[in-house]
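User: I'm new to this one and would like to learn how to read it. Could you take me through it step by step?

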Amino acid sequence: NAYQSAQNILIEDNVVLIEGRLSIREEDQSVTILANKILPFANAPLGTFSKGASVPFATLENKIERKTLEITITNLTEEQKNQLRGALKFFTGDRNNTPVQIKNGQSTMPAGGIFLNGNTLEQLEEIVGKENCTIRDVF
């Protein structure tokens, strides 16, 4: 359940905070994290964590926010959709920091993550139109 509710923040190189327990098996030297809750670490206050300190999730949940890029493709041409696919592949890399959602009509589907900055957003807006790119806060 924790994995399913946090799948949009479980992106390569994204730092997360996990509440749960660690399972260590000495016979095969395997380590497993049994997660109860997974949160983005992005906006956790500095100095909150120190060695051996424990911070309840309730205090962090209200302070952590994340951005999501929503791209509406409902009225795009096939050429624009193909250009968008290429751009999303190009901007996907080792610094994925923003989840992307594609909205088509009433349906919204996750589409991985990209490294989003002003230049990236400008290029995506050139392809699909500024009105079809929306950055949303996700808590």
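Analyst: Let's begin with confidence: pLDDT is the predictor's confidence in each residue, on a scale from 0 to 100. This is a predicted model, where local features need pLDDT of at least 70 and side-chain atom pairs count only at pLDDT 80 or more, while totals for chains, interfaces and linings use all residues. Residues are numbered from 1 along each chain as its sequence is written, and side-chain values use heavy atoms, with hydrogens and water left out. Here the mean pLDDT is 79, and 77% of the residues reach 70 or more.

User: Where in the protein is confidence lowest, and where is it highest?

Analyst: Helices (H or I, at least four residues) and strands (E, at least two) are DSSP runs, numbered from the N terminus. Helix α2 (residues 57-61) has the lowest confidence, with a mean of 51, and helix α3 (residues 78-91) the highest, at 92. Also keep an eye on residues 45-51, where the pLDDT is below 50; this stretch has nine contacts (heavy atoms within 4.5 Å) beyond near neighbours in sequence.

User: How many helices and strands are there in the protein?

Analyst: You'll find four helices and six strands. Going along the sequence, their pattern is α-β-β-α-β-α-β-β-α-β.

User: How do I read strand pairing, and which way do β1 and β2 run?

Analyst: Two strands pair if DSSP finds at least two bridges between them. Strand β1 (residues 16-25) and strand β2 (residues 30-40) run antiparallel, joined by 10 bridges. Arg25, for instance, has Ser30 in β2 as its bridge partner. The two strands make a hairpin with four residues between them, and Gln29 in the turn has a positive phi of about 50°.

User: What about β4 and β5: how many residues lie between them in the hairpin?

Analyst: That hairpin has two residues between its strands, and Gly105 in the turn has a positive phi of about 70°. Six bridges link β4 (residues 98-104) with β5 (residues 107-114), again in an antiparallel arrangement. Asn104 is partnered with Ser107 in β5.

User: How do I read a salt bridge, and how many does a search of the whole structure find?

Analyst: Side chains of opposite charge can pair when their charged atoms come close. The cut-off is a side-chain nitrogen of Lys or Arg within 4 Å of a carboxyl oxygen of Asp or Glu. The search finds two. One joins Arg136 to Glu70, with the closest N and O atoms 3.2 Å apart. Arg136 sits in strand β6 (residues 133-138) and Glu70 in strand β3 (residues 66-72), so the pair ties together parts that are 66 residues apart in sequence. Lys81 and Glu78 also form a salt bridge, at 3.7 Å from N to O. Both lie in helix α3, three residues apart, about one turn of the helix.

User: Which residues form the nonpolar patch on the surface?

Analyst: They are Ile18, Leu22, Ile24, Val31 and Ile33, with about 490 Å² of accessible area together. Strand β1 gives the most, with three residues. One of the patch residues is Leu22, which lies in β1 and is exposed, at 53%.

Key
Patches are made of residues with over 30% relative accessible area and no salt bridge: like charges are joined within 9 Å, nonpolar side chains (Val, Leu, Ile, Met, Phe, Trp, Tyr) within 5 Å. Accessible areas come from the Shrake-Rupley method with a 1.4 Å probe; for residues, only the protein chains shown count as cover. Buried means under 20% relative accessible area, exposed over 50%, partly exposed in between (1.4 Å probe, protein chains only).
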